[in-house]
Amino acid sequence: MADIVTGAHLARLRREVRGFLAEQLAVGAFTPSVDAWLCGWDENFTAALAEQGWLGMTVPVRYGGHGRSFQERFVVTEELLAAGAPVAAHWIADRQIVPSLLKYGTEEQKSEFLPRIVRGECFFGIGMSEPDSGSDLASVRTRAARVDGGWSITGTKVWTSGAHRAHAFIVLARTEPVDPSHRHAGLSQFIVDLRTLGVQVRPIISMNGGHHFNEVVLDEVFVPDAMVFGEIGHGWTQVTSELSFERSGPERFLSTFPLLTQHVEHLVAHGESPDGQVGRLVARVAGLHHMSTAVAGALERGENPDVPAAVVKVLGTTVEGDIADYADRQTGDDAAADAEWAHLVATAVDQRPGFTLRGGTNEVLRGVIARGLGMR
């Protein structure tokens, strides 16, 4: 293991990924895009990554995985995001479901889902947010009632990315009545097949016509006991643990990075030099790279870096929005602007409002950070 995480090894891996991406671009396998981890659903590209051994990298070999480190996975995901590669199909499964299954899943669940995720054949969503709940997950109204052989779930989840294409999602539901003095108690998680009777997926169309969000309505959906995720009543603890994986990754500061690279390449090609604003943006991205890498190391050590993850999310989503704004100012109303570039910028501006909302609003996360620092 010591050799696996050496700087030289990670540098070689980074070169391998860049070479693979260059080959994919050369054959037209994808066109770089912004927010590709959320909007770029391409199951063929996912299959190509699986062939390279770059899905389920941290999954133990006994579950069909590759038994590699969080640092190695970080290198791969960072390069994919920086290139604007279409990774949305497997993103949630690989980022969030894999470590959650390894930590909380039963042997049956691990054996059923992990090998399929590694092969790029099983896609997941997350069922946390609900209408009128905002970032207050403790206010969820979806309920799971005990029935013979399992649970009956009724409620609505919203902003569920990829639910119209995914195979399953993990649902946070209330299994006990609300205790006003302890609102986080009585919550549990369940793995729900999105094709089960009683599940209805309704599209939420973005203002630019894109479709990646969905509302998922659950009407007395039966979930067998085998698909209870973790322990009944421990849903809050499990969710907060999972959110560290969601908030700390490089997707929190690289969603608009292709804009920055293409702008700099354009300047160099025309004999111009980047201005001070570009330098400041690059410096902020570089700082976030180191911060996010540190969180990946903490996760590998089994630590719960909830506060550092929140810091990465707040700072990262701010800088990726600032990159979108900078690119928009450079493009302006220039009708002669390259069509591909103009589309890239327009997409980034359209997506910008969501950067600081998804994964918990930055306003809420500042509270998480303040409370966390206050306890130290």
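This briefing covers the domains, cavities and salt bridges of one predicted model. In this predicted model, local features need pLDDT of at least 70 and side-chain atom pairs count only at pLDDT 80 or more, while totals for chains, interfaces and linings use all residues. Residues are numbered from 1 along each chain as its sequence is written, and side-chain values use heavy atoms, with hydrogens and water left out.

**Domains**

- The protein chain divides into domain 1 (1-122), domain 2 (125-233) and domain 3 (247-373); the bounds come from an automatic or database domain assignment.
- Between domain 1 and domain 2, the C-alpha centres are 26 Å apart.
- Their contact (heavy atoms within 4.5 Å) involves 16 residues of domain 1 and 17 residues of domain 2.
- Domain 1 and domain 2 bury about 1400 Å² between them, with 73% of it on carbon and sulfur atoms; buried area is the accessible area (1.4 Å probe) that two parts lose on being put together, summed over both.
- Leu 38, Trp 41 and Gln 109 account for 36% of the area that domain 1 buries against domain 2, more than any other three residues.

**Cavities**

- A search of the whole structure gives three cavities of 30 Å³ or more.
- A cavity is a set of points, on a 1 Å grid over the protein atoms alone, where a 1.4 Å probe fits but cannot get out, and lining residues have an atom within 4 Å of a point.
- Grid points are joined across faces, edges and corners, and a volume is the space filled by probe spheres set on the points.
- The largest cavity holds about 200 Å³ of space.
- It is lined by 18 residues, of which Phe 70, Arg 73, Phe 245, Gly 249 and Leu 299 are the closest to its centre.
- Two or more lining residues come from each of α4 (70-82), α5 (88-104), α7 (235-248) and α9 (276-300), where helices are DSSP runs (H or I, at least four residues) numbered from the N terminus.
- The most, five residues, come from α5.
- By class, the lining of the largest cavity has nine nonpolar, five polar and four charged residues; Ala, Val, Leu, Ile, Met, Phe, Trp, Tyr, Cys and Pro count as nonpolar, Asp, Glu, Lys and Arg as charged, and the others, Gly among them, as polar.
- The largest cavity lies between domain 1 and domain 3, because both give residues to its lining.
- The second largest cavity has about 40 Å³ of space, and its lining includes Trp 37, Leu 81 and Pro 258.
- Six nonpolar, three polar and one charged residue make up the lining of the second largest cavity.
- Domain 1 and domain 3 both contribute to that lining, so the second largest cavity also lies between them.

**Salt bridges**

- The whole structure contains 18 salt bridges, defined as a side-chain nitrogen of Lys or Arg within 4 Å of a carboxyl oxygen of Asp or Glu.
- Arg 14 and Glu 79 form a salt bridge at 2.6 Å, N to O.
- This pair links distant parts of the chain, 65 residues apart, with Arg 14 in helix α1 (residues 7-26) and Glu 79 in helix α4.

Notes. 1 Å grid on protein atoms, 1.4 Å probe; cavity = no way out; pocket = protein on both sides within 12 Å on 5 of 7 lines; lining within 4 Å.
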